[in-house]
Amino acid sequence: VAVFDESPVTLSPVAGVVTTSYSTPLAHVNVLAHSWGISNAFVRGAAETWKALEGKPVLLDTKGGKVTLLAATPAEVLAAKQRQLISAPRVPAADEKTSTLASLAEQRATDVVRYGAKSANLGEVVHALGEKKVGGVSVPPGFGVPFALFVAFMRENGISREIDTFLDYAPTLDATTRRTGLARLRGLFVAGRMSEASSQMIIARRHELLGEAGVFVRSSTNAEDLEGFSGAGLYATVPNVLSDAALIDAVKTIWGSVWNDAAWEARERDGVDHRAVRAGVLIQRCVDADAAGVLITANPFDSAARDVVYVNAKRGLGIRVVEGRKVPEQLLYDVKRKSVRLLTRSSDDTMLSFASDGGVRAVAVEPDRAVLTDARVKRLCAAATQIRAVFGGRAQDIEWLVQGDQVVIVQARPWAEPR
């Protein structure tokens, strides 16, 4: 059980999480804890209260609104190990032949086998917008870099052999040596040379579809955004990429992030075959948001309240919402009653926006001011409910942003329930 002063940005698998400062259920770390089905609590002064238990096997109980942490008996330790023997999530098979850089408008959910879930799911949303199944929102233009280019890059740079060698020895390595090996694999991707044909194809497609605007470069692997395995925050995102050279470097960074420490350990915990993981990349036009955030078409505080949407919002870009460092504006929207309930205002005193030379910058703002109007919440949640219907009524975890009068959707994935 890990005790943190504040919610970490990423997290390797643990048996339970306690933080001494509050973060919302939609912070990446809390989404991971939820999908892993582990106890996760906010307790002020936890490090001091439970200092005597440091380094010992413990039993964390968060049921019934009460949090207890006690020394675990040998029988409880054995029972916990047996519960961890869970079935592995199904990783979609990968099409390694398709080399087309398909636009989002050319993709559907079934293209997960070529472009990964993040890209393919957004393609399905774009299709639903065209068929008027979803209204009142838009999706920024973008395209997918398919698995085939990832596989070709590894082959051309001899990385596949290095991965096989590492995986053969990984089970015998101590944590420090394993992390060194993972860092070396990431370095091979960053230092590798992309073929002229692949790099020119990516650059040309960027200018054809997205013009000269900055772009977000995001992971879209076949081992994230799945039923029962969200992969939230495990892989890299590179914001506001401007030059062509930086775009190619960003794609290689995304590919290498398959071997992030937390990603490897999360797959290991859930029995995902590392050799089956393929990295697609989603390249999408940047939208410099007035406000942004994440929502789920479910109520994390009351699973019986099925017609409720839970929204987290901050001013500026939404990167800090999912990091969980500062409390966002939290809202509950009752779909049937069309009513908005405010839980908290945003405590953040800075917002992120795009920097003129690439990347992002922080701008000072006044905290505790309203981020979203009721009208905007209703419009956003109406679209989220329609997106849930597009994906067969399964609860959705949706990233969104607002620019002026535009409401924009940038991700839709299943809300990963514990397996």
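Biologist: With which residue does Asp348 form a salt bridge?

Modeller: A salt bridge is a side-chain nitrogen of Lys or Arg within 4 Å of a carboxyl oxygen of Asp or Glu. Asp348 forms one with Lys314, and the closest N and O atoms are 3.1 Å apart. The pair links distant parts of the chain, 34 residues apart: Asp348 is in the loop between strands E13 (339–344) and E14 (350–354), and Lys314 is in strand E11 (residues 308–315). Helices (H or I, at least four residues) and strands (E, at least two) are DSSP runs, numbered from the N terminus.

Biologist: What should I know about the model and its numbering?

Modeller: It is a predicted model: local features need pLDDT of at least 70, side-chain atom pairs count only at pLDDT 80 or more, and totals for chains, interfaces and linings use all residues. Residues are numbered from 1 along each chain as its sequence is written, and side-chain values use heavy atoms, with hydrogens and water left out.

Biologist: Are Asp348 and Lys314 buried or exposed?

Modeller: Buried means under 20% relative accessible area, exposed over 50%, partly exposed in between (1.4 Å probe, protein chains only). Both Asp348 and Lys314 are buried.

Biologist: How many salt bridges does the structure hold?

Modeller: The structure holds 26. One of them joins the side chains of Arg205 and Glu106 at 3.1 Å, N to O. Arg205 is in helix H9 (residues 196–210) and Glu106 in the loop between helices H3 (74–83) and H4 (112–115), so the pair ties together parts 99 residues apart in sequence. Arg205 counts as buried at 13% relative accessibility, whereas Glu106 is partly exposed at 49%.

Biologist: Which residues are linked with Asp111 in a network of salt bridges?

Modeller: Asp95 and Arg114 are linked with Asp111. Between Asp111 and Arg114, the closest N and O atoms are 2.8 Å apart.

Biologist: How do helices H7 and H8 pack?

Modeller: Two packed helices are described by the angle between their axes and the distance between the axes. Here H7 (residues 159–169) and H8 (residues 175–191) pack at about 170 degrees, with axes 11 Å apart. They are therefore roughly antiparallel (angles over 145 degrees). Residues making the contact (heavy atoms within 4.5 Å) include Ile159 and Phe166 of H7 and Leu182 and Phe189 of H8.

Biologist: Why is helix H6 largely enclosed?

Modeller: Eight of the ten residues of H6 (residues 147–156) are buried, so the rest of the structure largely encloses this helix. Among them are Phe147, Phe150 and Met154.

Terms used:
Axes are lines fitted to C-alpha atoms, for helices over the stretch in contact, and angles run from 0 to 180 degrees between N-to-C directions. Angles under 35 degrees count as roughly parallel, over 145 as roughly antiparallel, 65 to 115 as roughly perpendicular and the rest as oblique.
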